[in-house]
Amino acid sequence: MQAVLALQFRVLAALVLRETRATFGTTQIGYLWAIITPAASTAVLVAIFSAIGRQPPFGASLALFFATGVLTLELFNKLGNSLMTVFDANKALLTYPPIKETDVLFARAILIAVTYVLIMAVFFSGLMLFGLAGPPAHPGELMTAFATTSLLGFGFGTVNAVILSLWESWRHVEKILTRPLFFVSGVFYVPSYLPRRAIEWLEWNPVLHAVEWVRSGYYVNYDSTVLDKSYILWVALLLTFLGLAGERLTRIRRSSA
Amino acid sequence: MIELHGVSKSYKVKAVRKHVLNRLSFTFPRDRNVAIIGPNGAGKSTLMRLISGSEQPDEGRIIRHVRVSWPLGFSGGFNGSMTGIENVRFVARIYGADTEAVIDYVRDFSELGRSLNLPIRTYSSGMKARLAFGMSMAIDFDCYLIDEITAVGDESFKKKSQAVFKEKLPNSRIVMISHSMSQIRAYCDCGLLLTAGGIWYYDAVEDLIDAYSASMARSARKS
């Protein structure tokens, strides 16, 4: 058992390092850019919103409110997109028998999650440095929210990968389906202030709950009336189960395609 | 050493299903070097990928009692945008080998010099083969799976690989695909003949080669 765990750990570590190298290029500052780019693009959006004189929908800092929304949504989107194409990358790697089909999936997800931890750390530290935000009020809650969002993204990405392996056009359909997420996930408004009629529809969107949960972890008294932690957790677990089961069921079909 | 129980494998080629192996059961003899020969398309490489575990059978089970290498071919598994060293480091990590020791060995064996710091896509097939072969020899396996790889390279490379093999042979076995009968004679004690009509095992390498020549002659007459 210990030997199996050691092998699994070794393979995942090697794959994460390889993915890092493949995704961020040869230069040492490649990875730095991967952290700076999303942080900077969020900063630009915040600057634009501030310039047109928007008031923060909640709390004192527009930047903090916006960042908790955008970065959570981006974490989800990034996982959903990057994991979708994972089986293409698999082909060559499976030459080495210790690497199993799911390992590349896990390695990529770990890399993305770790990268987003760093992105958020950089961005929120930056806000604190400029006096635009305080430290998170409930760090434990924030971490649970992050982990659940990562699981949700992992499940969605795995399901995407399985569907893509059966139906090539899914690449484009998925893009169309996830495009509205920016508007329906509470990125630039407080869902609890919306009329009941709107919430009845929006609360089906698990990413909305992810954003709400992250804000509940950051703010002292966000007091979301919409957040349903068990709903997002169940959706995340269901997607993960469907994705992994689908991977297993289509594995032979993929290897003999 | 390696046991195959009722192993089947088929591929879909342009909506036509092609059966490569049909309920093959076979135990690779312990302490012997096994050749796999047959015409192109008979399923030699597929069989080797199944043995290594890099591919799963549609049906049946494969049990490995020893540490088996990946199938040593020319290109497999290299990432073209990564340098030679980076690829070697990656494989050493997977197998839990001492990364620096493996790199030193490969540097010495492959004689690729500064090319090791260039992306693999700039390599010729001969260079790739040197790298792949050196890398696998740097990691200790009980059984090496060799898919034609020793057929490439110049004379000095061939001599070098032979010498390394001689070192390994007391402790490791090989399973080898080759179209070169002299190579089969040099390394193997027995073998499998794969043809479109079926799979046969020969306990003596000369019988194997005779049977192969006979089957090739038959198919030449037919066409």
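The model is predicted. The largest nonpolar core holds 115 residues, and 20 residues of chain A are in contact with 22 residues of chain B. Chain B is assigned domain 1 (1-67 + 142-223) and domain 2 (75-140).

**Nonpolar core**

- Within the largest nonpolar core, the residues that touch the most other members are A:Leu152, A:Ala210, B:Ala35, B:Ile36, B:Leu145, B:Val175 and B:Met176.
- The element that gives the most to this core is helix α3 (residues 62-84) of chain A, with 13 residues.
- From chain B, both domain 1 (1-67 + 142-223) and domain 2 (75-140) contribute, each with at least three residues.
- Leaving aside neighbours within four places in sequence, the contacts of A:Leu152 are A:Phe76, A:Pro206, A:Ala210, A:Ile232, A:Val235, A:Ala236 and A:Leu239.

**Packing of α4 and α5 in chain A**

- Helix α4 (residues 86-93) and helix α5 (residues 101-129) of chain A pack with their axes 9 Å apart, at an angle of about 125°.
- The crossing in which α4(A) passes α5(A) is right-handed.
- On the α4(A) side, the contact is made by A:Val86, A:Ala89, A:Asn90 and A:Leu93; on the α5(A) side, the residues are A:Glu101, A:Val104, A:Leu105 and A:Arg108.

**A:Glu101**

- A:Glu101 belongs to helix α5 of chain A and is one of the residues through which α5(A) contacts α4(A).
- With 18 other C-beta atoms within 10 Å, A:Glu101 is partly exposed, because a residue counts as buried at 20 or more and as exposed at 12 or fewer.
- Beyond neighbours within four places in sequence, A:Glu101 is in contact with A:Asn90, A:Glu247 and A:Arg251.
- A:Glu101 and A:Pro206 are 105 residues apart along the chain, and their C-alpha atoms are separated by 28 Å.

**Contact between chains A and B**

- The contact between the chains involves 20 residues of chain A and 22 residues of chain B.
- On the side of chain A that touches chain B, at least two residues come from each of α1 (2-24), α4 and α11 (229-255).
- α1(A) gives the most to that side of chain A, with 7 residues.

**Domains of chain B**

- The C-alpha centres of domain 1 and domain 2 of chain B lie 25 Å apart.
- Domain 1 of chain B provides 7 residues to the contact between them, and domain 2 of chain B provides 8 residues.
- Helix α5 (residues 155-168) of chain B gives the most to the side of domain 1 that touches domain 2, with 3 residues.

**Positive phi values in chain B**

- B:Arg23 has a phi near 45°, a positive value in a residue other than glycine.
- B:Arg23 is placed in strand β2 (residues 16-28) of chain B and counts as exposed, with 12 C-beta neighbours inside 10 Å.
- B:Glu111, also a residue other than glycine, has a positive phi near 55°.
- B:Glu111 sits in the loop between α3 (99-110) and α4 (125-138) of chain B and counts as partly exposed, with 14 C-beta neighbours inside 10 Å.

Definitions and conventions
Residues are numbered from 1 along each chain as its sequence is written. Chains are lettered from A and ligands numbered from 1 in the order in which they are written. This is a predicted model: local features need pLDDT of at least 70, side-chain atom pairs count only at pLDDT 80 or more; totals for chains, interfaces and linings use all residues. A nonpolar core is a set of buried Ala, Val, Leu, Ile, Met, Phe, Trp, Tyr and Cys residues joined through C-beta atoms within 7 Å. Helices (H or I, at least four residues) and strands (E, at least two) are DSSP runs, numbered from the N terminus. Domain bounds come from an automatic or database domain assignment. Two residues are in contact if their C-beta atoms, placed from the backbone, lie within 7 Å. Axes are lines fitted to C-alpha atoms, for helices over the stretch in contact, and angles run from 0 to 180 degrees between N-to-C directions. A crossing is left-handed if the near helix is turned anticlockwise from the far one by less than a right angle, and right-handed if clockwise.
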